[in-house]
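Open the model in your viewer and show the side chains. We will go from stop to stop, selecting as we go.

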Amino acid sequence: MTVRFFAGARAAAGCDQLLVEPGTLERVVESIHAAFPALKAVTPMCSFLVDSLSATRRDGGPIVGPGSTVDVLPPFAGG
């Protein structure tokens, strides 16, 4: 499945996307932390979209299947 990074998350990762194994949203976040440790400081402030729908990491979050996309969206400034 594909994880896409935006704004500050993209800067912390140093790339705009990463392929990871499917699993719960929490497992996906653990995978991106393993690949890019700098994201550990960014993801607590982020919003997540799973296949364009808002999702939380609470209780592990939703299952993210093969072919899905997770968007990592840090807070944006401005209006």
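Select His33 first. In this predicted model, His33 has a relative accessibility of 13%, so it counts as buried, the cut-off being under 20%. His33 sits in helix 2, which covers residues 25-35. Now show what surrounds His33. Leaving out residues up to four places away in sequence, it touches Leu39, Lys40, Thr43 and Arg57.

Glu26 is partly exposed at 22% relative accessibility. Arg57 is also partly exposed, at 24%.

Stay in helix 2 and select Arg27 and Glu30. Their side chains meet in a salt bridge at 3.4 Å, N to O. Why is about one helical turn between Arg27 and Glu30? They are three residues apart in helix 2. Arg27 is partly exposed at 45%, and Glu30 is partly exposed at 39%.

Next, select Arg4 and Asp71. Their salt bridge has its closest N and O atoms 2.6 Å apart. Arg4 lies in strand 1 (residues 2-5) and Asp71 in strand 7 (residues 69-73), so the pair ties together parts 67 residues apart in sequence. Asp71 is buried, at 6%.

How many salt bridges does the count come to? It comes to three.

Conventions
Residues are numbered from 1 along each chain as its sequence is written. This is a predicted model: local features need pLDDT of at least 70, side-chain atom pairs count only at pLDDT 80 or more; totals for chains, interfaces and linings use all residues. Side-chain values use heavy atoms; hydrogens and water are left out. Helices (H or I, at least four residues) and strands (E, at least two) are DSSP runs, numbered from the N terminus. Buried means under 20% relative accessible area, exposed over 50%, partly exposed in between (1.4 Å probe, protein chains only). Contact means heavy atoms within 4.5 Å. A salt bridge is a side-chain nitrogen of Lys or Arg within 4 Å of a carboxyl oxygen of Asp or Glu.
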